[in-house]
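I opened this notebook to record what I looked up, entry by entry. Each entry names its topic and then gives what I read.

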Amino acid sequence: MSTVTSLNELDFAAVLPAPVVDRVSDHALLAAAEAGDQDAFAELVGRYRNQITSYIYRMTNDYEGAVDLAQETFVRVYRAASRYQTTHAFSTYIYRIATNLAISELRKRKRRRLVSMTGFFDTRDGQEPVEFNPPDSRPLQDVALVDTERRTAVKRAISTLPEKYRAPLVLRDVEGKSYDEIASILRTSEGTVKSRISRARGFLRDKMRDYL
Amino acid sequence: MKTMDCRSVGQEIDARERNQGLSGGATEHLAHCAGCRQIAEQGATLHALVTGLGTVSAPPDFDMRLRARLARERRYSSPWVNFWRQATTAPAVGLAFSLLVVVGLAVYLLGADPGGSGKLAKAPAAPTSQSPNVTTGAPDTAKNNPPVGIGQDPASDGKKAFSAPGSKDLTPPRQPRNEVVRNQKAGFTSREFNSLPAVTVKDSDPSAPVVSLSAPMQPVVVSMRDDRGGTRTISLPPVTFGSQKLIQNQYQPVSLASAGKGAW
C-alpha cells in the first residue's frame, strides 16, 4: 500500500469536472428529445427550469403553483416537440408558453375571486381593482426588517399589476430580457413593450410610494 | 436647451433603463423641480428593488416529478384519451359532443317506443254494465272508443290529448274545463278511472309450442335444442316453481363451433 507524501501525488483529475464541451444548441437538444433522447430533454430542462420557475413565480406570486406551471410548460414543450419551428429562439418559445400558462392561471384566479374586500388600488386603466395592503406607517427598528418588508411589498405590488403590464415588466426588470425578445414572447411590437414597461413602472412607483 | 414639463420628465424617468442617464432637458428640469427629483429618486430605488429580487430556484425534485409526469402522460396517451382530452379542453368541441350525445339519446328513446302510449290507450273496451260510474249520452260510441283521458274532449275520440309521438296532430286540447262543462250540458259526465282494473298486455305468441311438466319430487333437467343446433340445459328444482337455474349456457352457433380454438 503506497502512502501519499505530497499533495502533488493526489489524483485531482479524478474529482475535477469533465472538460467543458461545446454547448449544444437548444434546437439540437429538442430535436434529439423528439427522436427519443431522454438525456437531451433532461439537459433542456436543466437549462431552463430555474428561469421558468422564477418567471412564473414573479408572475403569480405563488411558488407551488409556479412549480406546477413550470412543469406543465416542459410537458407542453415535450408534447409539441414535433411541431416546434426554429424560426425563433427556443428561449422565446418556452417563455411564450410559460407566459400563456401564467396568464391563464391569473385569469382563473380572477374568476374565482368573488369580492375583493381590500381592493382600493385602481389600475387607472379601466380594469378591475387589485388587492394591495397598505403599508404600516410605524417606523421599523431593524434595517433588515425594513429590507424584507420592502422586498415583500415589491413582490405583492408586482403581483397586483394588470397582466399586460406585469409580464413585460418582469421579463425586462427581473429576467433581463431585451425589448426585442419581449416583443417576440408577447407577440407584440417593441414600441408597445416599451410603453407598457414605462406604464408598469409608473403604477409600481405609485403603489410603492410609502415604501420608497 | 428646451426645457421639459413634469409629465414628460416623469415618462422619461419611467422609461429609463438601468445605468442610463436622462436627457439634457430632463436633467435641467430636475435641477429646478423638487417633485420630479423625488420621482427620479424613487424610480431609481424601485428599480434597484425590482432587479434585486433575483431568480427563484426550482425545487430539487423538479426533474423527478417532471419525469413521473411525462411517464404518466405517455401511459395514458391512447388515441381515445387524447380525443377525450381535446374534447374536454376545447369548450366548443366539448359542447358539440355533449349535444350530439343528448340528441342521440333523445332519438333512441323516441325510437324505442314509436307507438308512444298507444298500448296504454288501448284498454279493452269495458261493457257499459261493468262500469257503473260511466254514464254516457252516446252508448253506441262508447263501446268502440278507448277510455277518455282527464281533460280530454270525448268527442275527439281520444286522439288529441294522448296522440302518439309519431302522429302529426300534437296540439293540446284547448280550454278543457269549458269543454267538460259543455259536454255535461249535452248529457256527458266524467269517468272514474281509478275504479277500472289495470290493463294487462300480454306479448306471448299463441303459436309458440307449450310443454307441460308435472311437478316431480326430483330435480328435472330439461335440455332444449334450437334450430341452429345450440343446446340449453335448464335445471328445475323440485319445490320452487319460480326459480330456474341455468346450469349450462353452451349455446354455440354452428359456424363458431366448427371454427375451433384460436379463431380470435
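**Entry 1. A glutamate at a chain boundary**

In which helix is Glu72(A) found? I located Glu72(A) in helix H3 of chain A, which covers residues 63–79. I noted how such elements are assigned: helices (H or I, at least four residues) and strands (E, at least two) are DSSP runs, numbered from the N terminus.

Before going on, I recorded that this is a predicted model, in which local features need pLDDT of at least 70, side-chain atom pairs count only at pLDDT 80 or more, and totals for chains, interfaces and linings use all residues. I also recorded that residues are numbered from 1 along each chain as its sequence is written, that chains are lettered from A and ligands numbered from 1 in the order in which they are written, and that side-chain values use heavy atoms, with hydrogens and water left out.

Is Glu72(A) buried or exposed? Glu72(A) is buried, because its relative accessible area is 14%; buried means under 20%, exposed over 50%, and partly exposed in between (1.4 Å probe, protein chains only). I then looked up the residues in contact with Glu72(A), where contact means heavy atoms within 4.5 Å. Leaving aside neighbours within four places in sequence, they are Arg79(A), Leu101(A) and Arg69(B). With Arg69(B) there is a polar contact of 2.5 Å between the two side chains. A polar contact is a pair of N or O atoms within 3.5 Å; within protein, one must be able to donate a hydrogen and the other to accept it, and residues adjacent in sequence count only if both atoms are side-chain atoms.

**Entry 2. The two chains**

I listed the elements of chain A as 8 helices and 0 strands. Chain B has 10 helices and 3 strands, and its order from the N terminus is α-α-α-α-α-α-α-α-α-β-β-β-α. Of the 212 residues in chain A, 42% are buried; of the 264 residues in chain B, 17% are buried.

I also checked contacts between residues at least 6 apart in sequence. In chain A, 60% of these join residues at least 24 apart. In chain B, 35% of the contacts with a separation of 6 or more are between residues 24 or more positions apart.

Two packed helices are described by the angle between their axes and the distance between the axes. At roughly what angle do the axes of H2(A) and H3(A) cross? They cross at roughly 140° and come within 8 Å. Axes are lines fitted to C-alpha atoms, for helices over the stretch in contact, and angles run from 0 to 180 degrees between N-to-C directions. H2(A) is therefore oblique to H3(A); angles under 35 degrees count as roughly parallel, over 145 as roughly antiparallel, 65 to 115 as roughly perpendicular and the rest as oblique.

By class, I found 15 nonpolar, 4 polar and 1 charged residues in the contact of H2(A) with H3(A). Ala, Val, Leu, Ile, Met, Phe, Trp, Tyr, Cys and Pro count as nonpolar, Asp, Glu, Lys and Arg as charged, and the others, Gly among them, as polar.

The loop between H2 and H3 of chain A holds Asn61(A). Its phi is near 60°, a positive value in a residue other than glycine. Asn61(A) counts as partly exposed, because its relative accessibility is 30%.

**Entry 3. Helix H2 against helix H6**

I next took H2 (residues 38–60) and H6 (residues 163–174) of chain A, whose axes come within 10 Å and cross at roughly 135°. This makes H2(A) oblique to H6(A). Tyr55(A), Arg58(A) and Met59(A) of H2(A) meet Arg166(A), Ala167(A), Val170(A), Leu171(A) and Val174(A) of H6(A). The residues of this contact divide into 6 nonpolar, no polar and 2 charged.

Helix H6 of chain A also contains Lys164(A), which is partly exposed at 33% relative accessible area. I noted that Lys164(A) and Ile197(A) are 33 residues apart in sequence and 9.3 Å apart in space, C-alpha to C-alpha.

Which side chain does that of Glu181(A) join in a polar contact of 2.9 Å? The partner is the side chain of Ser91(A). Glu181(A) lies in helix H7 of chain A.

Arg187(A) is placed in the loop between H7 (179–186) and H8 (190–207) of chain A. Arg187(A) has a positive phi of about 55° although it is not a glycine, and it counts as exposed at 64% relative accessibility.
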